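Biologist: Please take me through this model, one question at a time. I will ask about its folds, its contacts and its charged pairs.

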Amino acid sequence: MVSNSESLYKILSDCLSQVQATGIGPDGLVFPVDCADVPEGEHKIFCQNLEQIFFMLNESYRYAQSLAGGELNAEVSRNNIFAMPLKALQASLKHLTWQTRQVAAGDLSQKVSFLGDFSLSFNLMIESLREKDALEQRLKTITDTLGEGIYLVDPHGCLVFANPEAEHLLGYREEEMRGKQIFNTIHSRQEDGTIHPHVDTRFASAIRHGHAYQDDNCVFSCQSGRLMPVSVTCRPVLFDDTLQGLVIAFRDITEQKKYQQSLLTINELLEKQASIDSLTGIYNRMKFLKLLTVEITKAQRYKSPLTVIMLDVDNFKNVNDDFGHHSGDLVLRALAKVIGNSIRTSDIFARWGGEEFLVVTPNIDLNQGLQVAEKLREQLSETTFAIPRPVTASFGVSQYREGDSDTSMIHRADEALYRAKKNGRNRVEPE
Amino acid sequence: MVKDSYDFSWEDLGNLEIGRPNLGNETSVAVYRLMQFTFKDVLSKELGKEKTSQLFIQAGLVAGREFCRNILNTSLPLNEFIAELTQKLVDLKVGILRVEKAEMDNLKFVLTVSEDLDCSGLPVLGETVCNYDEGFISGIFKEYTGKDFLTKEVDCWATGDRTCRFDVKPV
Ligand SMILES: [Zn+2]
């Protein structure tokens, strides 16, 4: 029973000393007097007020504790005068929580006011995020409008990003491909359509070792199944020296390939035109000389025999004069056909000019060459031509000698041919 | 002809540059509150407290609508709109608006206003007093979304909460 001021002060003083010495313990700040035990009067009113204050202090302490522990939904009595500044702090923290979530969701319009240094830091963070955002937007615009397909893959080769041009070129949607190994899909086949040996692909190696490389002769598989020739540039993405993935930039080179192919065809045609005799379709003089030079080099190196047969249609001037140039042309064409069919595929046959022809027979010596010439002569004399007159030819044969050139070999064959003409035509003469 | 009722228009606020060349366009919060609380005094005696609160809410609605039309950019997306609103309320020294919760899908918000023009610093009266603000917030949201809103002040400086907290939702 608290009956007088003195005993009340004593109890209060002990309680406060205890709290000051040991802090507010697990039981909290408890008013040490039971007001019911205090008789009505000034003492009681004083005790009731003080009990109220004790309660508020205690509650405010607990409330602060909860907030300090991060419990932002902590509650406190409305009339707790000690807790009021903390309520303002709680509201600020709740608002910051919401703001942070907004920022995480991409809302960069958030700004913190009236929270001192914190405002400054937060607003700086937002500013730097905005700058990054602007940079990202710029990059996105670039990759969106770029005329090249771009893939970004992680270190396992799984797709992280594809730009619209990559989707457009190959036909795979980014959403379908994200997180999947893309090389199995886009790089599964080779130019001829056969399955790619994956372990050996340059992509696999680029991913393993973080290599950069460029390949102008790559093939990607489109979703439609079409194989697209592409030019590829591959660069590793490094962060703090560790491989984060690869950027693969590629473009369709179908048109370029077609153009190259057509150039190739034209060049082949031009070359053919430059080496073929237009009347007979066999090699012309220029090509013959080139091929003969090659054969002479071989004969020199391998010490193998080599023979040149030169032939000239007998009395061809009369054919032209009596039956016309057209008939003369027909005779020459037919002759080229007969001889072309009779020689070996390894032999070289060309029109030397006018009604003169040359045959090069590698790996054949003079005697065998004479036999070949004789066979050709016989065949010609037995052939029926488009004119009512037999067509024959005279033959001269020369064999390669050490130090021979194309002209010297042809020259000796020409001399032999001259003798064949002199000795009565339709015959074969050796050098 | 003088009409029986009055329709507010923004122009009626007058040209303060001409009108107050020396004193400028600012006044003291005490004067603002003096007017508001004396209105409350006479209106409540004339019409009762309930009716007075309703009238303050209605006046707030008109104020919010006009504020939105004349000061804010309603073509902004919601996030940016709220950011701009917050900034304007600070610039015009109305209060510090903060969002504690926002359900963007169904447009439900919990907003707080600190240093509120109407109530901050008031003695604890045990009841919320910011009826005008309730109307003001509803008016702004209605003008922005085209939907009717109900705003209820759940905590107020005058209830001992140090910040006014408003539940905002469409009706
Ligand atoms: Zn309030």
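Modeller: A residue counts as buried under 20% relative accessible area, as exposed over 50%, and as partly exposed in between (1.4 Å probe, protein chains only). This is a predicted model, in which local features need pLDDT of at least 70, side-chain atom pairs count only at pLDDT 80 or more, and totals for chains, interfaces and linings use all residues. Residues are numbered from 1 along each chain as its sequence is written, chains are lettered from A and ligands numbered from 1 in the order in which they are written, and side-chain values use heavy atoms, with hydrogens and water left out.

Biologist: Which pattern does chain B follow along the sequence?

Modeller: Chain B has 5 helices and 4 strands. These are DSSP runs (helices H or I, at least four residues; strands E, at least two), numbered from the N terminus. Read along the sequence, the pattern is α-α-α-α-β-β-α-β-β.

Biologist: How many bridges join strand 3 and strand 4 of chain B?

Modeller: Strands pair if DSSP finds at least two bridges between them. Strand 4 of chain B pairs with strand 2 of chain B in the antiparallel sense over 5 bridges, and there B:Arg165 is the bridge partner of B:Thr112. Strand 3 (residues 149-155) of chain B also pairs with strand 4 of chain B in the antiparallel sense, with B:Val168 as the bridge partner of B:Thr151. The count for strand 3 and strand 4 is 6 bridges.

Biologist: How many residues are in the largest nonpolar core?

Modeller: A nonpolar core is a set of buried Ala, Val, Leu, Ile, Met, Phe, Trp, Tyr and Cys residues joined through side-chain atoms within 4.5 Å. In the largest one, the residues with the most contacts inside it include B:Phe81, B:Cys119 and B:Val168. Elements of chain B that give two or more residues to this core include helix 3 (49-71), helix 5 (131-145) and strand 4 (164-170). The core has 33 residues.

Biologist: What area is buried between chain A and chain B?

Modeller: The contact (heavy atoms within 4.5 Å) takes 16 residues from chain A and 22 residues from chain B. Buried area is the accessible area (1.4 Å probe) that two parts lose on being put together, summed over both. Carbon and sulfur atoms give 55% of the area, which is about 1700 Å².

Biologist: Which residue of chain B meets A:Arg78 in a salt bridge?

Modeller: A salt bridge is a side-chain nitrogen of Lys or Arg within 4 Å of a carboxyl oxygen of Asp or Glu. There are 3 salt bridges between chain A and chain B. A network of salt bridges links A:Arg78, A:Lys87, B:Glu100, B:Asp155, B:Asp161 and B:Arg165. At 2.7 Å, N to O, the partner of A:Arg78 is B:Asp161.

Biologist: Why does the pair of B:Arg165 and B:Glu100 tie together parts that are apart in sequence, and how many residues apart are they?

Modeller: The side chains of B:Arg165 and B:Glu100 meet in a salt bridge at 2.8 Å, N to O. B:Arg165 is buried, at a relative accessible area of 11%, and B:Glu100 is buried at 10%. Because B:Arg165 lies in strand 4 of chain B and B:Glu100 in strand 1 of chain B, the pair ties together parts whose separation in sequence is 65 residues.

Biologist: Is B:Lys142, the salt-bridge partner of B:Asp148, buried or partly exposed?

Modeller: The closest N and O atoms of B:Asp148 and B:Lys142 are 3.0 Å apart. B:Asp148 has 42% relative accessibility and counts as partly exposed. With a relative accessible area of 38%, B:Lys142 is partly exposed.
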